[in-house]
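Hi,

Here is the structure I promised to pass on. Have a look, and my notes follow below.

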Amino acid sequence: MSTLTNILIPAIAGLVLGTMYFGGLWLTLRRLARSHQPAFLAVGSYFGRLAACFTGFYLISRVAGLPGLLVCLAAFIIVRMVLVRRWGKPELNFQGIDDD
C-alpha cells in the first residue's frame with residue numbers, strides 16, 4: 001500500500017492535473033479570439049485552473065507527503081512537455097515589420 005500511495009496515486013494525479021491545466025489553457029487560447037469578453041475568459045480560466053491544481057497538489061501532499069508531492073509535480077511537468085511536443089510551439093509571425 002505504501003508504494004501505491006507514494007508513487008502510483010500521485011503520478012496518476014499529476015497526469016490528470018497536468019492534462020486538465022494545460023488542456024484547459026489550450027482550450028482557453030483557442031476560444032479567446034472569438035470571445036465577447038476575452039479578459040473575463042482569460043482571468044476566469046486562469047483562476048479556475050489554478051484553484052483546481054492547488055487543491056490537487058494540497059490533497060496529494062496530505063495523503064502522500066513530500067515524496068508523493070514531488071512525484072505528482074514531476075508527472076505534471078511531463079504532461080506539459082508531452083503536450084508542447086504534440087501541439088508544437090507556435091511560430092511568431094511579425095507581419096508588417098521590415099528587417100531593413
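Phe-57 and Phe-76 are both buried (under 20% relative accessible area with a 1.4 Å probe, protein chains only; exposed is over 50%, partly exposed in between). Before you read on: this is a predicted model, where local features need pLDDT of at least 70, side-chain atom pairs count only at pLDDT 80 or more, and totals for chains, interfaces and linings use all residues. Residues are numbered from 1 along each chain as its sequence is written, and side-chain values use heavy atoms, with hydrogens and water left out.

Together with Tyr-21 and Phe-22, those two Phe residues make up one aromatic cluster. Over the ring of Tyr-21 sits the charged end of Arg-49, 4.6 Å from the ring centre (the criterion is NZ of Lys or CZ of Arg within 6 Å of the centre and within 35 degrees of the ring normal).

Searching the whole structure gives six aromatic pairs (ring centres of Phe, Tyr or Trp, the last by its six-membered ring, within 6.5 Å; planes under 30 degrees apart are stacked, over 60 edge-to-face, the rest tilted). One of them is stacked, because the rings of Trp-26 and Trp-87 have centres 4.5 Å apart and planes at 10 degrees. Trp-26 is in helix H1 (residues 2-32) and Trp-87 in helix H2 (residues 38-87), so this pair ties together parts 61 residues apart in sequence (helices are DSSP runs of H or I, at least four residues, numbered from the N terminus). Trp-87 counts as partly exposed, at 36% relative accessibility. Phe-57 and Phe-76 pair edge-to-face, 5.4 Å centre to centre with 70 degrees between the planes.

Best wishes

Definitions and conventions:
Helices (H or I, at least four residues) and strands (E, at least two) are DSSP runs, numbered from the N terminus.
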